[in-house]
Amino acid sequence: MNQKDLQQLVEDTSLTYFNKPFRHQATFNTRLKTTGGRYHLGSHDLDFNPKVLEKLGLETLIGIIKHELCHYHLHLEGKGSQHRDRDFKNLLKEVGGLRFVPALTEQKKAVSLWKYKCRKCGSVAQRQRRFNTSKYVCAKCKGKFELLGREA
Ligand SMILES: [Zn+2]
Ligand SMILES: [Zn+2]
């Protein structure tokens with residue numbers, strides 16, 4: 001999908017779901033990292049993250065286009081165009097736009113866990129945070145834990 005295709009897609013989405021034309025520029029912006037799209041209050045243009053299409057597919061991109069078009073149309077009409085505004089929430093729901101953009105960053109490496117072993121029954125517990133072994137007891141037998149260590 002190139003810039004022209006994106007522009008066309010945004011214009012089509014606007015007419016289909018909002019019954020209103022999109023009269024500004026829609027651009028792929030590689031500088032967007034974690035957000036899927038952005039509405040520029042000053043120029044009324046829209047930016048979209050090209051990674052959305054790459055990693056999450058067309059349906060998600062359209063969901064984000066709808067979200068940004070909610071900002072766009074409401075702002076141009078002088079209605080509540082912020083996420084917390086009722087106008088925004090209602091319109092977003094109406095057109096089926098995405099509230100949040102699914103994570104775009106690579107999955108982080110699994111967090112390493114602290115491993116504990118119950119001294120009495122031998123059951124193993126894993127926690128993200130270290131805990132004080134004198135304060136917690138085994139859920140199964142109420143025995144005391146010992147710290148085995150942290151997974152590599
Ligand atoms: Zn937004
Ligand atoms: Zn136990």
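This is a predicted model: local features need pLDDT of at least 70, side-chain atom pairs count only at pLDDT 80 or more; totals for chains, interfaces and linings use all residues.

Trainee: Which domains does the assignment give for the protein chain?

Mentor: The assignment gives domain 1, covering 3-95, and domain 2, covering 114-150, and the C-alpha centres of domain 1 and domain 2 lie 50 Å apart.

Trainee: Which residues are the protein donors of the zinc ion (ligand 2)?

Mentor: A donor is an N, O or S atom within 2.8 Å of such a metal; here the SG atoms of Cys118, Cys121, Cys138 and Cys141 lie 2.3 to 2.4 Å from the zinc ion (ligand 2), and along the chain these donors follow the spacing C-x2-C-x16-C-x2-C. Cys121, in the loop between strand S4 (114-118) and strand S5 (124-127), and Cys141, in the loop between S5 and strand S6 (145-150), are 20 residues apart, a pair that links distant parts of the chain.

Trainee: What arrangement do the four donor atoms make around the zinc ion (ligand 2)?

Mentor: Four donors count as tetrahedral if all angles lie between 85 and 135 degrees, and because the angles here are 99 to 116°, the arrangement around the zinc ion (ligand 2) is tetrahedral.

Trainee: Is Ile65 buried or exposed?

Mentor: Buried means under 20% relative accessible area, so Ile65, at 0%, counts as buried, whereas Cys121, at 39%, is partly exposed. Ile65 sits in helix H3 (residues 58-76) and, leaving aside neighbours within four places in sequence, is in contact with Leu6, Leu9, Val10, Thr13 and Phe48.

Methods. Residues are numbered from 1 along each chain as its sequence is written. Chains are lettered from A and ligands numbered from 1 in the order in which they are written. Side-chain values use heavy atoms; hydrogens and water are left out. Helices (H or I, at least four residues) and strands (E, at least two) are DSSP runs, numbered from the N terminus. Buried means under 20% relative accessible area, exposed over 50%, partly exposed in between (1.4 Å probe, protein chains only). Contact means heavy atoms within 4.5 Å. Donors are N, O and S atoms within 2.8 Å of the metal (3.2 Å for Na, K and Ca); water is not among the atoms, so sites may look incomplete. Four donors count as tetrahedral if all angles lie between 85 and 135 degrees; four count as square planar and six as octahedral if opposite donors are over 155 degrees apart and all others between 65 and 115; anything else is irregular. Domain bounds come from an automatic or database domain assignment.
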